[in-house]
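Morning, everyone. Please look at the model on the screen while I talk.

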Amino acid sequence: MGELTRIVPPELVDEVLAETKRVQHRVRLLPSRTVVYFLLAMTLFPESGYLGVWSSLVAGLAGASSDPSATALRHARRRVGAAPLKLLFQRLRGSASSATTPGVYWRSLHLAALDATTLALPDTPANSAHFGRVQGKNGAGGYPLARVSAIVECGTRALIDSAIAPLACGEATHAVGLLRSLRPGMLLLADRAYDTYVLLRATADTGAHALFRARGQRVLPVLHALPDGSWISFIPQPSHAHRLKVWLRRGGVPAQMHGLGVRVIEATITTTDREGASQHSTLRLITTLLDHTRFPAAEVTALYHERWEAETAFFGLKVTLRGADRVLRSGAPHGVDQEIYAYLITYQAARIVMCQAADHADLDPDRLSFTVAVRAIRESVIIANCSPPSPRPVPEEPSRLATTLLKPRNLHASRRRQRTSDRAVKRPLSPYAYKSLTANRRKRHTTTTLTITPAPDSVLTNVAAA
């Protein structure tokens, strides 16, 4: 696997194969270890068939054995299964940063973003029955979709944890299983799709803090107004939620109504283009960071923008690595799980290599290009070019891949510019819609300002926030 062999060494592959009892029982042309590396190579060459992937994998190896058939490779995938790939990802997932990596910590809190995406699957009866597809007015349409949820480390975009589920599994429900990876001293950022009592309570129970965007219809009574414009509120338990509005109309909340104590920050976002046209939107955040002196409302609101690091990570996984608008290969659910975990492993290994290179050169990982990294990894596989493995997390001498990443022409600007764009349909159902979309879309230079909205005047008391 070229440079990725340093991150996924044969010893680690043999270990996970032994634990999952997927080691071959007799001498084969395709041992289980080779099949694992073949699965990882499939993610680097998604446009190639089985034989093309195999040719790229063994191109730089002198004296390679005879090539297997596509049928033999397909049977080998089925024999190994998804369990070794899932366990291998569990061994590689986690933070890829060091204590001094820029953008990873904010006021001593380890930043992470929670989000989910979908991957298009081959349109087979098995995939459709297991994973499901989008339900529209005229019934189910499009390709079957697999939901992939992930907690992404802000600053490095490494995967702290990730899981796969059918499309019918809601984002908030699926995310609860990922909270096992949270630790005290972490701050989890999430969009309003995760604004549930169960998820917020589970996050708080891990010792980590939460910063979620609140849904517009959520009722957040003002218990105590704070000087910076935010206010202390609470989210009731699900069994009490239906009674909250009734009690608010009566002018108070009874002490027997329990919930989670949170802090609410409401801000107005104003975007002004160079023609002077302005657009306004409201951003309402809920957080377990209750200390307004240590965590000012203006800084917390600006910090929420870091949630988009998860979107950037998904772009690297789905577009840069897999290829835009590309459907996965596997026609059966067990093969889909195997293939997605292989993509997660390759993505995580690439991020680890990038962070090692950035730490060695004392650079922000944002300055390194994931596109360049993927291209260099593919080339290292074809020519079998790999630096010797090192037991140190950051080697004293940079690897060949790190040397490529650190070339001046491959580095981004020292600081990324702020970018804003209107929401638009990028993949319309009708091909004729592209003309109208491109005609109305134009480049704009905008200025964005945040204004904290003070808490409402009504202050309620006599409530127990657990």
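Serine 149 touches Asp115, Ala116, Asp161, Ser162, Ala163, His174 and Leu178, once neighbours within four places in sequence are set aside. Contact here means heavy atoms within 4.5 Å. Serine 149 sits in strand S5, residues 145-153. Is serine 149 buried or exposed? Serine 149 is buried, at 0% relative accessible area. Buried means under 20% relative accessible area, exposed over 50%, and partly exposed in between, with a 1.4 Å probe and protein chains only.

A word on the source. This is a predicted model, where local features need pLDDT of at least 70, side-chain atom pairs count only at pLDDT 80 or more, and totals for chains, interfaces and linings use all residues. Residues are numbered from 1 along each chain as its sequence is written, and side-chain values use heavy atoms, with hydrogens and water left out.

Now the whole chain. The protein chain has 15 helices and 14 strands. These are DSSP runs numbered from the N terminus: helices are H or I with at least four residues, strands are E with at least two. Of its 466 residues, 48% count as buried. Take the contacts with a separation of 6 or more: 71% of them join residues 24 or more positions apart.

Next, helix H13, residues 370-382. How far apart are its end C-alpha atoms? They are 19 Å apart, which agrees with the 18 Å that 13 residues should span at 1.5 Å a residue. The expected span is 1.5 Å times one less than the number of residues. The buried residues of H13 are Phe370, Val372, Ala373, Val374, Ala376, Ile377, Ser380 and Val381. They pack against helices H2 (32-44), H3 (50-58), H11 (308-321), H12 (333-360) and H14 (400-405).

On to helix H8, residues 197-205. Its buried residues are Tyr197, Leu199, Leu200, Ala202 and Thr203. Just after H8, glycine 207 takes a positive phi of about 95 degrees.

Last, the cavities. There are 2 of 30 Å³ or more. A cavity is a set of points on a 1 Å grid over the protein atoms alone, where a 1.4 Å probe fits but cannot get out; lining residues have an atom within 4 Å of a point. The second largest cavity holds about 30 Å³. Which residues line the second largest cavity? Gly155, Thr156, Arg157, Arg351, Met354, Cys355, Pro365 and Asp366 do.

Notes. On a 1 Å grid over the protein atoms alone, a cavity is a set of points where a 1.4 Å probe fits but cannot get out, and a pocket is an open set with protein on both sides within 12 Å along at least five of seven lines; lining residues have an atom within 4 Å of a point. Grid points are joined across faces, edges and corners, and a volume is the space filled by probe spheres set on the points.
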